[in-house]
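Please look over the sequence and the structure shown here before reading on.

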Amino acid sequence: MNNYIISGSPHVHGNESTKKIMYSVIIAMMPAFLFSIYYFGFDAVRVTLISVAACVLVEWLIQKFLLKGQNTISDGSAIVTGMLLAFNLPSNIPAWMVIVGAIVAIGIGKMSFGGLGNNPFNPALVGRVFMLISFPVAMTTWPTPQPMFGEALTDAVTGPTLLGHIKEGVAQGIAANELIAEDVVRPFIYSGSLGEIGSIAIIIGGLFLIFRKVIDWQTPVIIIATVAIISTVCWLIDPVQFVHPMIHIFGGGLMLGAFFMATDMATSPMTMSGKIIFAVGIGALTIIIRLWGAYPEGMSFAILIMNAFVPLINKVCKPKRFGNTVKK
Amino acid sequence: MNPKKTFPKGGVHPEENKLSSDQPIITFPIPKQAIIPLGQCLGAPAEAIVKKGDEVKVGQLIGTAKGFISANVHSSVSGKVTKVDEVMDHTGYRKPAIFIEVNGDEWLEDIDTSDTLVKDITLSREEIIERVKNHGIVGMGGATFPTNVKLSIPKDKKAEFVIINAAECEPYLTCDNRLLLEKSNEFLVGVKVLMKAVDAPKAIIGIEVNKIKAAELLDKIIREDSYFSGIEVQPLQTKYPQGGEKQLIKACTGREVPSGKLPIETGCVVVNVASTFAIYEAVQKNKPLISRVVTVTGKSVKKPSNFMVRIGTSSMELIEAAGGLPENITNIINGGPMMGKSVSISDFPVIKGTSGILVMTDKEAQPRQVGNCLRCGKCINACPMGLEPYLLSRQAKNNLFEETEASNIMDCIECGSCEFTCPANIPLLDYIRYGKNKTGQIIRSRNQK
Amino acid sequence: MNDILLYSLIVLGVLGGVLAVILYIVAQKFKVEENPLIDEVESNLSGANCGGCGFAGCRAFAEACVKSAADKGNIDGLNCTSSDMSKVAAVLGLTVTAAEPKIAVVRCNGTCENAPKKVHYEGADICAFAHTLYAGSNGCPNGCLGLGDCVKKCNFDAIHIDEVTGLPTVDEEKCVGCGACTKACPRGVIEIRPKGKNSRRVYVSCVNIEKGAIAMKNCNVSCIGCQKCFKECPFEAIEMRGNLAYINPDKCKSCRKCVDVCPRGSILAVNFPPRKPKVEVTESVNNESKE
C-alpha cells in the first residue's frame, strides 16, 4: 500500500499561481493607496475598506449560496476588484453607494459570468460606470483635498478635477493654455478619485508589476503613447482649443487605467499582437472621449468598450505557429 | 565553439536540479533476476521466441519485432527463463515479459566485450541500418521510437545533418551528460557511424550550456582528431524544451519542420546521446541494446547517482543503491519531471526508454489546486509550437474535436510548458493529450475512407 | 405631432407590406417539398438526439422511419429506445410489437470498500485520459475509473457517480438504454441489457479479464473465472469469456442459482423481492444494500 500520486506530466510546476498574481497587484496598489491617504486623509481609508469588504463579502455570499462552488475568496481577486473600485471613487462618497457599486461589480460584473476569469468586462469598471450613471452627482462631486499635513488650500468643500476644470473652461470659450497657466503645478487644488491623483505612485506600482512579470510593459506604454501622440497633434494644431498633452497623460485616470485596469488578465487579449490592438484602441477612445465627448474622463468607457472587442481580437490574433512558414 | 543558440518562441526554465551531474557512472551489479518486458518501444510489442526452461546468454535474441514500428528484444543476462508472464511495468498495466533467473554472465561469442575503441567503420550503409534494427535500438530519450525506421531515409529525401540531441533539457536527469563525459570517444565514433548510415556530410551536437564541461571536452577531441571532422558542437541556451526534436533542429540549423511533417523534410536526422552510444556498441562491437545509463535522483534521495544498468533490472534495486526510498513519497517517475510518466509502484523493470527514476516527496511535488482559467495568456507565451493551450484544452474538454483539429492540436509536442506555467494549475496537457488522441483517431479513420 | 405619427404609420405599414410580399415570394420559390409525416413522426420522438438509434439525430431517424414505411411497408429494425414506438407506428399507419425495454448496467462493483485505493489520481477528470495513464487507483485494469465520462455523455440525466461508492449508478426510471454511456466508457464497463421482467436482472458485476490470483488482490468482488456458476446454470446461460463469466440475458431465466454459488459475490441479482425466510438472504440480493 502506497499513496503515490498518478498524474499526467509535467510533474513539476512553476512558481506562478493565481494567488501570487493577485497579491502582487495588491502590493503594487499600495503606493497609490498611501498617496491617496496623504491626499484625502481618513476618507480614503474609509472608502477603500468599505469597498474591499463589500466586494469580498458579496463574492463569498454568492459562492456560498448561489453557485455553491469551491470558495474562491482566498485567491485575492475580490480584494483587487474592491481596491480598484475604490480607486475610481471620490473620497466623500456615501458608504451605501460604495456597497451598491461593489454588489454590481462583483455580482453582475464577475460572478454572474461564472467568477474569476470568465468575466468579459473589468468588474471594477462595471461597478464604477454603473455608479457614474446611477449617481451622477455624487460620482462627480469631488471633495477638496484634505491633506494629512498642512492646511487645505481652499475653503471650498468640493473642487473640480483638473480635466473637468479644463473641459468646462474650454466649453465656456476660455483658451486652454490660459486655463492651466497658473495653478497646474500646485498640488491640492484639483481633486479626483482616489487612484487618479497620484500618477507617480501608480507608475511605481506599475513598474513593480512589470518587474514581477505580472503585466507586460507593452499594454500601458502603448496606451499612454497613443494618448500622448493624439493629444500632442491636437495641441500643436490648436493650443487654444486643446490642452497640453502632459495634462492628458498625468492629469486624469490614464495611469490607473493603463497600468491596473487595461492589463487585467481576464479582460485583455491573450496574444501580444492582440494586446497591441487593444492598447491602441483604449488610448484612442480615451482621448476621443476626453476631447470631444460629454465626459471629461474617458478611460473607463474606453476600457469597457475595448473589453467587448477582446473575444473578437482573440479570434483574429493568433500566435505565430511553429512550422507554418513552409507550405506545401 | 559556436555562439550559444536557442529556439525562437516559447519555452520555460524549470529549476534544473541536476543533482547527480558530478556522479560518475557506476556499473550496476547484474541482478539475480531480470524481468525483460517485450513491449519496450513505441508500436507493437515483440513476440517471445524463448519459452520456460530455455537457457539464454547475454545478447541473445529473445523477442522478435512484430510489424514495421517494433523492435527486437535481447536478453541482458545469462541464465534460465523461468517464465513468460505478465508484469506490471511503468505504464501501470500488466504487460508480457520474460523472466530470467540469472546464472553467471556468459555472453554470446560474437560480441566484443573489450573496452578498446574501434574507429574503423567497416559496415556499409545498409548493413549499419540492418544491424541497428537487429540489435533492437530505439530512441533512448524516452519516446522509444525504433531508430532503424528513423535512419531509413525515404528515396526522394536527402539527409544533410545528423543532429545529436544532447540538450538533456529535462530537469534532474544527468545520464546523457555523464555518458558524454565518460564515453566521449565512443560517442563520437557513434556519430560518425550515424553520418555514414544516413550519408550526411555534417553532424551537429546540440548541447545545453549547463553541460559546458561536456561540450568543451567534445569540442577539444573533435579539433584534435581529424577523423572526427564534420562534427560540430553547438552550445544551446538552457531552456525547456530545447531537446524537443523540432526545437532542436530550429536552434541548430535555423530550419523549421513544417507542421505535420517529419524532421527529414528539413534534411535532419535527430538521434539521442544514449542511442548514439548504443549504435556505436551495436555497429562496432556487435553488442545489442542490453544496458543503459539510468539516473536515480530526487531531492530526498540520499545519493543521487548514475548507474549503467542491464535492461530488466528492478527499479527498486536502483533506488536502494541510491540510498533507499525516502519517506513521504508522492511521485515515482519513469523519466524526467517534465515528460516522464508517474508510476503506481516502486518496483518496475528498467526498459530501454528509462532515462531516469525520479523519486519526489511531498517537499517537491506541490498539491494541485485547480482554479479558473484567468485568460492570462501565459500558456500561449510558453508554447514552443505557437499554439493556444487554453483553447485546445477547453475544446478537448468539451469534446469539440473538429475545433481542436482546426486549432492544430496535432502540432502539440506534449512538452508540458503550458501546464508548468499555468497560474491556475489547470491540467492543460491532460486535456490536450485526450483531445490529441481523439482527434488523431478521427483523422486516421477519415484517411482510411 | 400628428403628422409624424401619420408618416411613421404609413412608412412602417408600407415597408411591412412590401417585405411580407418579398418573404412570401421567396418562401414559395425556395420551398422544400418534404413529407409532412416526417414532422409528425419527429414530434412523437423524445428529441434528445442521443444517437442511440444509429442515426445522426431524431430528424434523421424520423426520415428513415417514413422512408422505410413507404418503401417496405414496415419499420422493422428501426427503434428508438427513448420514445414510444407504437405512437410512431400509428402515425405511419403501422403497428409494431413493442421492443423489449433495455437499460444500462454498470458491470463493476469495485467500490472504495471492495477495491481499496492504492494510488491517488490527480489530473483531468476524463476516464479516457486516465485510462491511458494507469490501471486505476485500485489497480484493476478493467474496472470503472469513476471519473464520469458516462455521466457527461448521458442526455437523460440517468447516470450519476455515487459519492460513497465512487461508481456510476443508473436511474432506472430515466434510463432509456440508448447506449451513449457504453460508447463513452473507455473500458466497456457498461452494457445495455434487457430490463427484464419487473426490472429483475441477474448479471456478473465485473469485467475483469486478469487471472484469478491477481483479480483477487485488486478487488474483493472480482470474478476470478472459477466456473462454478458456469457449471451450476441449468439453462446454459452462462458463458466463460476467458477468466470472466458472462450471463447471456436471452437465455437467463433469473433462477438465481448462480448468485448462490458465486464465492466472490460478483453476480448481482437486482430488484428481486427478499427470499422466503428459510433461504438465507444473501448480501448480494439487492444492488442497493451495500456489501
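The following sections describe the confidence of the model, its chains, their contacts and some selected elements.

**Confidence**

The structure is a predicted model. For the complex, the predictor reports an ipTM of 0.88 together with a pTM of 0.88. Chain C has a mean pLDDT of 85, with 94% of its residues at 70 or more. One stretch of chain C, residues 278-291, keeps a pLDDT under 50. For this stretch the model contains 20 contacts beyond four places in sequence.

**Chains A and C**

Chain A contains 14 helices and 3 strands, whereas chain C contains 10 helices and 9 strands. The radius of gyration of chain C is 27 Å, well over the 19 Å that the globule rule gives for its 291 residues, so chain C is more spread out than a compact globule. For chain A, with 328 residues, a compact globule would have a radius of gyration near 20 Å, and the value of 21 Å agrees with this.

The table lists further values for these two chains.

| Property | Chain | Value |
|---|---|---|
| Box filled by the C-alpha atoms along the principal axes | Chain A | roughly 80 × 55 × 30 Å |
| Span of the C-alpha trace along the principal axes | Chain C | about 90 × 50 × 35 Å |
| Buried residues | Chain A | 52% of 328 residues |
| Buried residues | Chain C | 39% of 291 residues |

The contacts within each chain can also be described by their separation in sequence. In chain A, 75% of the contacts with a separation of 6 or more are between residues 24 or more positions apart. In chain C, among contacts between residues at least 6 apart in sequence, 56% join residues at least 24 apart.

Helix H12 of chain A, residues 254-261, has 8 of its 8 residues buried, so this helix is largely enclosed by the rest of the structure. The buried residues of H12(A) include Leu254(A), Met255(A), Phe259(A) and Phe260(A). Gly257(A) and Ala258(A) are also among the buried residues of H12(A).

**Contacts between chains**

Chain B touches chain A through 50 residues, which meet 33 residues of chain A. On the chain B side, the elements that give two or more residues are strand S15 (329-334), strand S16 (341-343), helix H9 (378-382), helix H12 (417-421) and helix H13 (428-448) of chain B. Of these, S15(B) gives the most, with 5 residues. By class, this side of chain B comprises 24 nonpolar, 15 polar and 11 charged residues.

Chain B also meets chain C, in a contact that takes 11 residues from chain B and 14 residues from chain C. The chain C side divides into 9 nonpolar, 2 polar and 3 charged residues.

**Domains of chain B**

The domain assignment divides chain B into domain 1 (30-111 + 289-361), domain 2 (125-285) and domain 3 (378-448). The C-alpha centres of domain 2 and domain 3 of chain B lie 28 Å apart. Between these two domains of chain B, 7 residues of domain 2 are in contact with 7 residues of domain 3. The side of domain 2 of chain B that touches domain 3 of chain B has 2 nonpolar, 4 polar and 1 charged residues.

**Strands of chain B**

In chain B, 4 strands form an open sheet in the order S2-S8-S7-S4, with antiparallel pairing. Strand S2 (33-37) and strand S4 (55-56) of chain B stand at the edges, each with a single partner strand, so one side of each has no neighbour in the sheet. S2(B) pairs with strand S8 (residues 94-102) of chain B over 5 bridges in the antiparallel sense. Within this part of chain B, Ile35(B) stands opposite Phe99(B) in S8(B).

Strand S14 of chain B, residues 305-310, is mostly covered, with 5 of its 6 residues buried. Strand S1 (residues 25-27) of chain B pairs with S14(B) in the parallel sense over 3 bridges, and Ile25(B) stands opposite Asn306(B) in S14(B). Strand S13 (residues 291-297) of chain B pairs with S14(B) in the antiparallel sense over 6 bridges. Here Val296(B) stands opposite Ser305(B) in S14(B).

Conventions:
Residues numbered from 1 in each chain as written. Chains lettered and ligands numbered in written order. Predicted model: local features only at pLDDT ≥ 70, side-chain atom pairs only at ≥ 80, totals over all residues. Rg over C-alpha atoms; globule rule 2.2 N^0.38 Å. Buried ≥ 20, exposed ≤ 12 C-beta atoms within 10 Å, placed from the backbone. Nonpolar A, V, L, I, M, F, W, Y, C, P; charged D, E, K, R; others polar. Pairing = 2+ DSSP bridges. pLDDT = per-residue confidence, 0-100. Domains from an automatic or database assignment.
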